[in-house]
Amino acid sequence: MSSIGIRHLARQLRVTQKAWQQAQHETGEARRQVAELKARSLAAAEQATALLETMSTAILAEDQDHGITLLNQRLCDLFSLPHPPRHYLGKHSSLLYQESRAQLQDEQAVRTRNQQLQAGQERVSGEIFRLRNGIIVQQDYLPVVQNGVTMLHIWSYEDVTVRQQAQERVQELSRLAEQSPQPIIRFNREAVAQYANPAANPALTALYQPAGAEIVRLLRQEIALALSSGQLRTVEKRLGDEFYLWTIAPLLQEQEANVYLTTITARRRAEAELVRNQLFTARINDTVPNIVFLFDMDTRAVLYSNRQTEQMLGYTEAEIREMGPQLATLLVHPEDLPDLERKQEEMLRLEEGQVAHSEYRFKHRNGEWRWLSLKSTCFTRHPDGTVWQAVGSAADVTERRITEEELRQSRLFVERVTNTTPNLIYIYDVRMRSNVYCNRFVETMLGYSQEDLLNMSPSLMASLMPIAEARRVQQHFEEVTRVADGVILHLEFFLSHRNGSIRWLRISSTPFERDERGRVHKIVGSAEDITRWKIADEQRRSANRRLAEQNRLFRQVIDTVPNLIYLKDGSGNYILANQSTAHLYGLSNDALLQTPAAWLQEQFPDLVRYQAQDELVIQSRQEVAHEDTFTDAQGEVHWFNSVKRPFILADGTVQVLGVDNDITELKRTGQALQQAKEAAEQNAQSRQTFLTNMSHEIRTPMNGIMGLAELLSKTDLTDEQRQYLHHIRHSAENLLVIINDILDMAQLGAGRVRLESMPFDLQEVLKASCQALMPKAAEKGISLRLQLAPGTTPAWVQGDPYRLRQILLNLLSNAIKFTDKGHVLLTCRRVSTPTAEPEYQFSVLDTGIGISEDQLQQLFEPFTQAEASTAREYGGSGLGLSISRGLVELLGGELTAESRLHHGSTFRFTLGFGAATPQLPAVPPRRRITSACVAAGCCSPKTTALTNCWCRLCSGAGACT
């Protein structure tokens, strides 16, 4: 072959290699697109199947500590795990390798490769490994990275055994034929094939079919364009049953072109599957019986909702979106709005997988209120981790709410019926051999409360009756367990009342509740007190003498008690009355029983009120207790505490059984106590007035002493004299503080403290409070700092800045006094929402000596300190915290304290303010009298000399201008 031919062949070889490389690149790109489309398809399918709680792809999600946060049943099936998915949640992912029955062929290599993927923090798809059972698995890895840290490792696994085996077979065949796995065809300008590799045979067959004529025409145009431009051209066209990416590489010298076909059928199918899944998701949302919505936490608006909104609330999806942030105001019940706003704030901090539950009333278009049960979870987040969008569902639970209310009313009705019925109703637990319920009539029947009977279990029967009777009752309950539902068995037995008397009961029992095997384990029944019938029967068999003795004994008993005991019929006539009752009317016992009620009411008008109470007892058949007055036959007024209850005869006639307790002396004692209380309050007011006057009288000379001490300090003194002068000034200042505290306590106690209301800069008050005590803190060698919560900038508010500053100075001064090392911190943060009235929480923290737990209870009491040694070592009157608490409560807050001994203390209080706009600073007056001048008593004629000296001192120091 000549050199020209060789060069020609070499040139063709280079062109062919270049085209081959380009085709390989296009093939890789197509495969990447197919993988991405598959991932998108899987994501869309995941959203759709999340509602159905199923998934076809095995999914595993690990947190940054490799704890399992999510896996589905498909993963357990693929790797033959012995437990369901919920068993592995929260456990280390290495447990999956240990329990997997389908072990990896090369487990160590797979683990090493996965560690490299996690360290790389990049998405990787198409990792292939084999299981020992012959299954070929494709692994995809997706890291969720925030701020350089992988927060979540998401692994997806798919059984690609069939597909992988097919690909391996194709590659093997391609290597046996020519190296390309894709069809490669060489065409001339007329689109006539000059060469084709074996992989191109199906494509050539389809190309020259009648249906391929349009493809041939298009191919001829593309070859002509590629030859004219000298550039590669690509086009996507379907040929036969496959979609191909046609890459046309021109051969300019030969005026031919190599065409490389890359199948993109999988990508096209993935795209179709994605569209189908999206449509499927939309159809599911529109067919589920609940509202499905997407909520923007930033704008507080609904971004998406399905068609169920129209059915549940009467509004279309477009109308819901148009409401925007006003949705809650327009539709949610006003009583539910505060809870909804609080819930939305909590949702901003939802964890992954956490679901928020709530129920609110929404207004239907027709004006009705519907109860909706909302379940929401995080859908997307901001970079800082807060929830951006939340997805949720809403179910109409109006009928359930109505049913619950009806059930509550039904339970209340049953409870009222059982508690007002004159019989004992009980529920007996066969297994525990004890009563689990009985109504209130048990107290009337046996003298025991329900709690008493529960405490007796399981020795209830042994405590109330002889052993023989207990066996009979137990045998009765065992017989009830063997009968069918609805069958009632009866038993008569006796037991002891709480007062020791014998009570005969007739019980009627029937099965109430059975277990899963149909065995009775609870019995319901009623017990009727048949003691009277038993006693009557016994009396008929007894002699008349014994009957007379019993009657006489009964009469003596009720006649000896000081209370009024009586029994009346429906007309108000006395059927039974003790001696105290007859004495009230000035009659004998027999005469009272024979006197008509009408005559008694004429003689004693107070009986009309008592008769009304008797009628109420008869009508309601319930016990009635009340207090009222009654004028006896001697004209003396008595106070009685009357307890009346229905007394039902055998024929159903209701009579009134009453016991009246004379509480006249108790009433007189109460009136005396009230008078004593008023006198004590008057004495306290006088004491407060005295303290106020004395504080003012002492304060004037004390200020004079302080002023003269200040003047004396400016003269020539020896060191010893200056030390004495320092002690005088220090003692005077401490005494003045105590006087001021006593004056404040007196004003608080007398209710004379008046609050101001003016706009002020809250931040300036905080700074001024700290700056005022900064020298005192520096003198002790501790730090005093003001700290504002992040995002909290105190603004102008409406309130009383002077009382706030007094509270802060008291707390800060107290903290500095009891702190020898460390620091004192003043914090302020807003606790109300931006749209609500301003409300701030103030805290004063120190690292001082602290307070023990048992001393915290009396910390705020006046003239009280933690220990006696505290007053000796640190001084003070013990009034500062009491004054601070009084001022905080006057401002509408509450002062609380937390402390640990030797670890410091924390004082907190929260105050509300009104909103205010910033104000311009006021122009200072030409002359200002300082607080020192006023405190010195310049206006007092008794201290003229002191006033002149003090004013000279102020003028020399520049205090008065």
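1. L239 touches A203, A206, L207, I215, Y244 and W246, leaving out residues up to four places away in sequence; contact here means heavy atoms within 4.5 Å. The residue belongs to strand β8 (residues 233–239). Helices (H or I, at least four residues) and strands (E, at least two) are DSSP runs, numbered from the N terminus. L239 counts as buried because its relative accessibility is 4%, where buried means under 20% relative accessible area, exposed over 50% and partly exposed in between (1.4 Å probe, protein chains only). L204 lies 35 residues from L239 along the chain, and the two C-alpha atoms are separated by 9.4 Å.

2. A word on the basis of these values. This is a predicted model, in which local features need pLDDT of at least 70 and side-chain atom pairs count only at pLDDT 80 or more, while totals for chains, interfaces and linings use all residues. Residues are numbered from 1 along each chain as its sequence is written, and side-chain values use heavy atoms, with hydrogens and water left out.

3. On the chain overall: the secondary structure comes to 31 helices and 33 strands. Of the 961 residues in the chain, 37% are buried. Among contacts with a separation of 6 or more, 52% are between residues 24 or more positions apart.

4. The buried residues of α17 are E469, A470, V473, Q474, H476, F477 and V480. They cover an arc of only 155 degrees around the axis, which puts them on the same side of α17; the arc is that of the directions from the helix axis to the C-beta atoms.

5. What lies on either side of α17? The cover over its buried residues includes β16 (424–429), α16 (460–464), β18 (489–496), β19 (502–514) and β20 (520–529). Exposed residues I467, A468 and R471 are carried on the face turned away from the buried side.

6. One of the strands covering α17 is β19, and L505 lies in β19. L505 counts as buried because its relative accessibility is 3%. Residues up to four places away in sequence aside, L505 touches M445, L491, E492, F493, L495, A527, E528, D529 and I530. One of these partners, E492, is 13 residues from L505 in sequence and 5.7 Å away in space, C-alpha to C-alpha.

7. Two packed helices are described by the angle between their axes and the distance between the axes. Axes are lines fitted to C-alpha atoms, for helices over the stretch in contact, and angles run from 0 to 180 degrees between N-to-C directions. Helix α26 (residues 762–780) packs with helix α27 (residues 801–817) at an angle of about 25 degrees, the axes being 10 Å apart. α26 and α27 are therefore roughly parallel to each other; angles under 35 degrees count as roughly parallel, over 145 as roughly antiparallel, 65 to 115 as roughly perpendicular and the rest as oblique. The crossing of the pair is right-handed: a crossing is left-handed if the near helix is turned anticlockwise from the far one by less than a right angle, and right-handed if clockwise. Residues of α26 in the contact include L762, V765, L766 and L773, and those of α27 include P801, L804, L808 and L812.

8. α27 also meets helix α29 (residues 880–890); the axes come within 9 Å and cross at roughly 150 degrees. α27 and α29 are therefore roughly antiparallel to each other, and the crossing is left-handed. The contact is made by R803, Q806, I807, N810, L811 and N814 of α27 with G880, L881, I883, S884, L887 and V888 of α29.

9. A191, in the loop between β6 (184–188) and β7 (193–196), has a phi of about 65 degrees and is buried, with a relative accessible area of 1%. R300, in the loop between β11 (291–296) and β12 (301–305), has a phi of about 55 degrees and is partly exposed, with a relative accessible area of 22%.

10. I618 is in helix α23 (residues 607–620) and is partly exposed, at a relative accessible area of 21%. Its contacts, neighbours within four places in sequence aside, are D569, G570, V654 and V656.
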